[in-house]
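Here are my notes on this model. They take the domains and their contact, then the ligand site.

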Amino acid sequence: MKNGKKLKLFFSLSWSEAPSYILLLIANTAIAGLQTVATVVLPKYLIDELTGGRDLSRIALTSALILGSNLFFGWLARFMKRCLSVQNPYMNQRLERRLSEKIMNVPYERLEEPYYLDLKERAAFACINQQAMQGLITGLADLLQKGITLFGLAVILVTLGPLLPAILLLLVGVMLLLQKKHAKNMQAIHEYILPINRRYGYYVNLCFNDELQKDIRLYDMAKMLGERVDYYNQEITQVFGDYRRKEGVYMGLYSIVNDLQAAVSYGYVGLRALSSRLGPRISLGSFTMYVNAAVQFCAGITDFGRAVIRINQLLDYLDPFMELMSLPEEEEKGSVPLAGPIESIEFNQVDFTYPGSEKKVLDQVSFHVQKGEKISVVGLNGAGKTTLIKLLCRLYEPQSGEIRVNGRDIREYEYRSYTAQLAAVFQDYRLFAFTIGENISGRAAGEDEARLKELARQVGLNEKLASLPDGLHTLLGKSYDENGTELSGGQQQKIAIARALYKEASLIILDEPTSALDPLAEAEIYENFNELAGGKTAFYISHRMSSSVFCDKILVLSGGHVSDFASHAELMQKKDSLYRQLFETQARNYAKG
Ligand code: ADP
């Protein structure tokens, strides 16, 4: 992406987040620029009056002006600094939030793309670790401020004739060349260090990760992890050591050019004050003003150059962020709202292969389900059961064939209205560090307490809730609250099921959510669930065949094909059916157990 385009995207993002912040930055910039010019120009009049007319009232007036402007600008600068020091992190966090929203909204299938995963990591690294966003915000404000100041100083200098500005610009050119080389060097080091840093971050995070502490302790991995962290740490330190040495050389060269600039400024302006050979003689006050302006101009222009290089660098760092922010989102797919409940589902010769894989996971899958039917999806491990559900949830799209809901291809439906009709409990469902009530409702606590309690009772959580002093308001996990509670796998699954029931969806899906439950609890949940699901359409995936008995129909998948689709009774009559084999084998095993 071109820098101009990146800046445009950045401004539109920042403006949409906090327009007042952008205005504050611009005001701050203008004020700082004016301040510099005032501190250069006003002393000239005071000195001229002191060395010339010595009119007391004029001396008093200019002194008061200098004092007043210093006080005023000093106060304003502090005030602005305070406002910005509050606003800068706020703005940074807002943009981080935009990034997280984006990550939560890009099409799910992107999670299969190594390119996307890498892009996401690089974007997050730039924003969070390098704080590139905050750097860009303050860097741009700084650049604007320096630009305004430089313009004012240049106008002052030009009034003395073109020679001094020309020589100064030449020297500035040399300085900018040096800076550019230095920045290139920095960029190369940055590119070199980034993957090392990522590896370092990965191992440090492993050490910090609570979920890994069991394995780290049991398999005594702390030493190995510590050594790996040390290894990358040393490598990073060495790279930075080299970098600092090179930086020292550049800094030395800068200061030589800087001194040369000061010598030229003092020499030329001094000559103009002492003789009229290079132009009309100037007063002592003008001498002070021009010398001041020249020194500040040189310092300002090198700072300006530095700021431009820094911004280019930050824009490079932010490349992945900008690229990520421009990706299309899930919602942008499909436009027809799904107004009512799901009345029918039809898979029509659906083929599916995972991105980056060769193997066809679903092969010409066709079946038809009517509203209210309870379907058990059965098959050996890897038969494609979960994949079928993921396609129905629009996490992936089939390569050929179509899935129709209420007679229309699901891709045509507006995404949010479609997912509003689905509630699924996946094997790898996640609960969050919110209260139990919030985990079930997905909303801040307080509403629908009676309904939440009723659901908790229905999934068999009421005893557990009664044992907790804060009941539904108990936080899950102890990470953020000492009074939080840790639940067993089975209890967590019950919450996940209650969450699916809470959502007023017309299709409900359980993808082996009962694996952490004992067979009795599982039977209880399934019996209950059929009752709870009521008129809703439901899909169950369970490796315990006994749960299929409660269902209207069984969809048997084998190697990605539908090998049967009929009721339990019908399939049990069919001698060679895979379903019957599976069912009988499991029944025998349970009997043995
Ligand atoms: P089931 O739920 O019946 O056990 P899945 O639908 O989970 O089966 O998986 C079907 C096949 O697809 C398996 O061979 C599995 O290895 C493969 N598979 C599942 N997820 C992915 C993925 N994200 N990328 C590539 N292959 C996958």
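1. Domain bounds here come from an automatic or database domain assignment. That assignment gives domain 1 (3-160 + 282-325), domain 2 (161-169 + 181-263) and domain 3 (344-592). Residues are numbered from 1 along each chain as its sequence is written. This is a predicted model, where local features need pLDDT of at least 70, side-chain atom pairs count only at pLDDT 80 or more, totals for chains, interfaces and linings use all residues, and side-chain values use heavy atoms, with hydrogens and water left out.

2. The C-alpha centres of domain 1 and domain 3 are 55 Å apart. Their contact (heavy atoms within 4.5 Å) takes four residues from domain 1 and six residues from domain 3.

3. Domain 1 and domain 3 bury about 510 Å² between them. Buried area is the accessible area (1.4 Å probe) that two parts lose on being put together, summed over both. Carbon and sulfur atoms carry 53% of it. On the domain 1 side, Y108, E109 and E112 lose the most area to domain 3, together 87% of what that side buries.

4. E112 also belongs to the ligand's surroundings. Others there include Y354, K359, V361, G384 and T387; a residue is near a molecule if one of its heavy atoms lies within 4 Å of it. Helix α11 (residues 385-392) gives the largest share of this shell, three residues. Helices are DSSP runs (H or I, at least four residues), numbered from the N terminus.

5. Which polar side-chain atom lies 2.5 Å from a ligand oxygen? One of K359. A side-chain N or O atom of T387 is 2.5 Å from a ligand oxygen. For G384, a polar backbone atom is 3.0 Å from a ligand oxygen. Polar contacts here are pairs of N or O atoms within 3.5 Å.

Notes: Polar contact = N/O pair within 3.5 Å; in protein donor to acceptor, adjacent residues only side chain to side chain. Helix = DSSP H or I, 4+ residues; strand = E, 2+ residues; numbered from the N terminus.
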